[in-house]
Amino acid sequence: MAANGEHTLHDRIAQRLDTAVDPAVSDFAAALAHESDARAMLFYGSNLRTGSREGVLDFYRLLPGDQEARIWPRVSYHERGSGGEVLRAKLATMTLQAFDEAACGRLLDTTIWARFVQPSALVWCADDAAREAVIEAVSHAAITAARLAVALGPRSGTAQDYWRALFRATYEAEFRVEKPGRENDILAVNAEHFEGLLPLALDAAGVRYERHGDRITPAMPPREQAQILSWWRRRRRLGKALNLARLAKASTTFEGAARYGAWKIERHTGMPVEVTPFRERYPLLAAPGIFWALRRYRKRQD
């Protein structure tokens, strides 16, 4: 039996998605949801862990209907005044249906199940049906991740050994800027979240295992392991190309990119950047001029 009355993976995910967050964050999420008739809003990232409102809040907005865009999610930047301060958010938008399909591992995407086996909070939902659909989707993400973790990991080891094998593989497969060893950081800062999660996910996946103290010995049939590894090899080969395609799309469709970039530059360098109509409409064309101005600004500061 799991701790805190968590008898199943579904119970565990439901409890974790109900994590309380700052009311200002929930209000921001609700406002973004109402802009597009959303079904649900997920909050994730370092601000969820720390409770801080500084920096950029990370949201996923899940919509009804079929996914129209072939490369998703659509990314946008938003600001909102709250009690005399400005809250900032990076918003990824896709349909709940595509989110669930990706979480199940049916699509080539690796980012959804790898990201949402990590902590997230359901900060807004349209109704009980939407809440249940999100719980199911995030549970699917945990199952997909756990099955691959066992296929990639040692024959016997701690839960952390399996999660470490998983995140090392997914980070290597994606086009990421994080330094090697990022998988250790994920497990260290989210230790409480991952405690007890792997056995629940394996139970839900129908993967048998034995437990001796803190060690787990899975009994995954060789044929099933081979199928999972074959499934993974295809996604690993295409991972960087898919992530580059998404970055390329975001460079031309990132709503609010100029405002987001201006805020980032001023935050990290101290140089204010005016968001002119030209820069708002053509952020890529405006970028060389801004970088040239930043170079001169830094020289003056030396």
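Keep in mind as you click around that the model is predicted.

The side chains of R61 and E35 form a salt bridge, 3.9 Å from N to O. R61 sits in strand β2 (residues 57-63) and E35 in the loop between α2 (23-34) and β1 (40-44), so the pair ties together parts that are 26 residues apart in sequence. Is E35 buried or exposed? At 55% relative accessibility, E35 counts as exposed.

**Next stop: R53 and E85**

Select R53 and E85, another salt bridge, where the closest N and O atoms are 2.4 Å apart. This pair links distant parts of the chain: R53 is in the loop between α3 (46-50) and β2, while E85 is in strand β4 (residues 85-95), 32 residues apart. R53 is partly exposed, with a relative accessible area of 30%, and E85 is partly exposed too, at 26%. Bring in D22 as well: D22, R53 and E85 are linked in a network of salt bridges.

**Follow D22 to helix α2**

Stay on D22 for a moment. At the start of α2, one of its side-chain oxygens comes within 2.8 Å of the backbone nitrogen of A24. Then colour the whole of α2: the helix has twelve residues and reaches 16 Å from its first C-alpha to its last, close to the 16 Å expected at 1.5 Å a residue. Which residues of α2 are buried? They are A24, V25, F28, A29, A30, L32 and A33. To see what they pack against, show β1, β2, β3 (74-82), β4 and β5 (120-125).

**Into the core**

Time to go inside. The largest nonpolar core has 56 residues, and those with the most contacts inside it are L42, Y60, F99, I112, V134, W163 and F167. Which helix gives the most to this core? Pick out helix α6 (residues 128-152), which supplies 13 residues.

Click on L42 and look around. Leaving out residues up to four places away in sequence, L42 touches a set of residues that includes L17, Y60, F99, F116, L122 and V134. There is also a second, separate core of 20 residues, with A24, A38, M41 and A89 among them.

**Over to a sheet**

Jump to β6, β8 and β7, three strands that form an open sheet in the order β6-β8-β7, with antiparallel pairing. β6 (157-158) and β7 (209-212) stand at the edges, each with a single partner strand, so one side of each has no neighbour in the sheet. Zoom in on β6 and strand β8 (residues 215-218), which pair in the antiparallel sense over two bridges. Here T158 stands opposite R215 in β8.

**Last stop: R16 and E192**

A search of the whole structure finds ten salt bridges. To finish, select one of them, between the side chains of R16 and E192, at 3.3 Å from N to O. R16 lies in helix α1 (residues 9-17) and E192 in helix α9 (residues 191-194), so this pair ties together parts that are 176 residues apart in sequence.

Methods
Residues numbered from 1 in each chain as written. Predicted model: local features only at pLDDT ≥ 70, side-chain atom pairs only at ≥ 80, totals over all residues. Heavy atoms only, no water. Salt bridge = Lys/Arg side-chain N within 4 Å of Asp/Glu carboxyl O. Helix = DSSP H or I, 4+ residues; strand = E, 2+ residues; numbered from the N terminus. Buried < 20%, exposed > 50% of the residue type's maximum accessible area, 1.4 Å probe, protein only. Pairing = 2+ DSSP bridges. Expected span 1.5 Å × (residues − 1). Contact = heavy atoms within 4.5 Å. Polar contact = N/O pair within 3.5 Å; in protein donor to acceptor, adjacent residues only side chain to side chain. Core = buried A, V, L, I, M, F, W, Y, C linked by side-chain atoms within 4.5 Å.
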